[in-house]
Amino acid sequence: MSFRATLALGVIAAALGLYVYLVEIRGERERQETEAAAKRLLALEADQITALELPLAGGGRAKLVRGGEGDPDGWALETPVAFPADANVVANLLSNLASLASESVIEDLPEDLAPFGLGEERRAVRVWTGEGEPSVLYLGGRAPLGSLLYVALEGRGKELFTVPLGPASALEPRLRELRNKRVVGFEVSDVRRLRVQEHGSLVALVERVESEDEAEAEDEGWRLVEPREDRADAERVRRVLQDLVLARAAAFVDEPGALEEYGLDAPELELSVGTKQGMERILIGRVQDRGFVRVNDQRVIYETSDRVLMNVPRSLFAYRYKRVLKV
């Protein structure tokens with residue numbers, strides 16, 4: 001075969017490959033994306049949502065607003081209780097709303113939508129993207145076939161949609177799921193000072209030592225100040241702080257009674273944590289096998305595992321530097 005013939009076949013093959021990619025592969029992908037976008041019930045993106053009102057599992061409603069405590073991208077509960085929101089749960093909610101797509105459309109509806117769960121028992125999801133009126137999505141009952149839920153949109157009264165049950169069910173969370181369950185607000189890297197008291201008596205006061213030598217800072221980054229001056233066990237101090245950062249609430253007591261009901265009138269442990277932002281005072285009590293934590297005299301009390309208590313050393317020796325020889 002001549003060189004010209006080979007070159008011509010190569011050009012034809014390249015052109016054919018380009019056609020297959022542009023028309024068949026890329027074109028099909030674009031068609032699928034267009035069809036998926038057409039099925040989405042709410043024409044908005046997750047980052048456009050500024051507020052959200054949801055029905056709660058078990059009854060009641062909750063409203064979430066973007067931008068709390070100086071964080072424009074953070075979320076907070078406004079009702080039924082003012083409280084920081086769980087960022088991961090809210091991100092999942094926003095993603096479910098933005099991507100919620102219909103599996104089928106039912107038209108020529110009867111006047112009474114109660115058989116679809118969209119009568120008086122329907123649950124409204126309101127979504128704000130600015131100062132105007134919210135978009136409203138109504139959740140109904142389960143469809144008889146498949147894992148689907150009936151939903152309707154305000155302003156489109158002659159249409160009924162079915163959507164996948166999983167993403168739609170996530171729009172009816174429990175209040176506890178929406179709340180930020182972190183007990184403390186600081187990070188380990190922010191802490192400069194830690195004071196530990198057991199039943200009102202000082203166990204140890206340690207302070208961070210700033211050093212330009214990374215190896216020295218890693219091994220000797222903390223010093224013991226009280227009840228005696230000494231080098232501190234930096235790794236032990238970091239573990240204590242990390243356990244506090246990782247502590248999560250199992251439940252919330254929003255209207256607590258007397259503090260003795262939670263072992264907080266004379267707490268088993270009192271921790272004072274100095275950070276770049278200020279001081280956090282953490283009281284930890286225990287009633288039987290239930291742990292309770294109160295931070296900065298806030299009204300809300302966190303119920304936690306009593307492991308939070310057990311992970312805080314009670315002896316001065318635990319905080320002292322123990323390495324005998326460094327080679």
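Thr275 is buried, with a relative accessible area of 13% (buried means under 20% relative accessible area, exposed over 50%, partly exposed in between, with a 1.4 Å probe and protein chains only). The residue sits in strand 15 (residues 269-275). Helices and strands are DSSP runs numbered from the N terminus: helices are H or I with at least four residues, strands are E with at least two. This is a predicted model, where local features need pLDDT of at least 70, side-chain atom pairs count only at pLDDT 80 or more, and totals for chains, interfaces and linings use all residues. Residues are numbered from 1 along each chain as its sequence is written, and side-chain values use heavy atoms, with hydrogens and water left out.

**Around Thr275**
- A polar atom of the Thr275 side chain lies 3.1 Å from the backbone nitrogen of Gln277.
- Leaving aside residues up to four places away in sequence, Thr275 touches Phe186, Asp190, Val191 and Arg192 (contact means heavy atoms within 4.5 Å).

**Cis peptide bonds**
- Thr79 and Pro80 are joined by a cis peptide bond, with omega about 0 degrees.
- Pro80 belongs to the loop between strand 3 (71-79) and strand 4 (83-84).
- Glu226 and Pro227 are also joined by a cis peptide bond, with omega about 5 degrees.
- Pro227 is placed in the loop between strand 12 (222-226) and strand 13 (230-231).

**Positive phi outside glycine**
- His199 is not a glycine, yet its phi is positive, near 50 degrees.
- The loop between strand 10 (191-198) and strand 11 (201-208) holds His199.
- His199 is exposed, at a relative accessible area of 57%.
- Gln288 is not a glycine either, and its phi is positive at about 55 degrees.
- Gln288 lies in the loop that runs between strand 16 (279-287) and strand 17 (290-295).
- Gln288 counts as exposed, with 73% relative accessibility.

**The chain as a whole**
- Eight helices and 18 strands make up the count of these elements in the chain.
- Of the 327 residues in the chain, 39% are buried.
- Among contacts in the chain with a separation of 6 or more, 56% come from residues 24 or more positions apart.
- The chain has an accessible surface of about 18,700 Å², and 50% of it belongs to carbon and sulfur atoms.
- Accessible areas come from the Shrake-Rupley method with a 1.4 Å probe; for residues, only the protein chains shown count as cover.

Note on methods: Polar contact = N/O pair within 3.5 Å; in protein donor to acceptor, adjacent residues only side chain to side chain.
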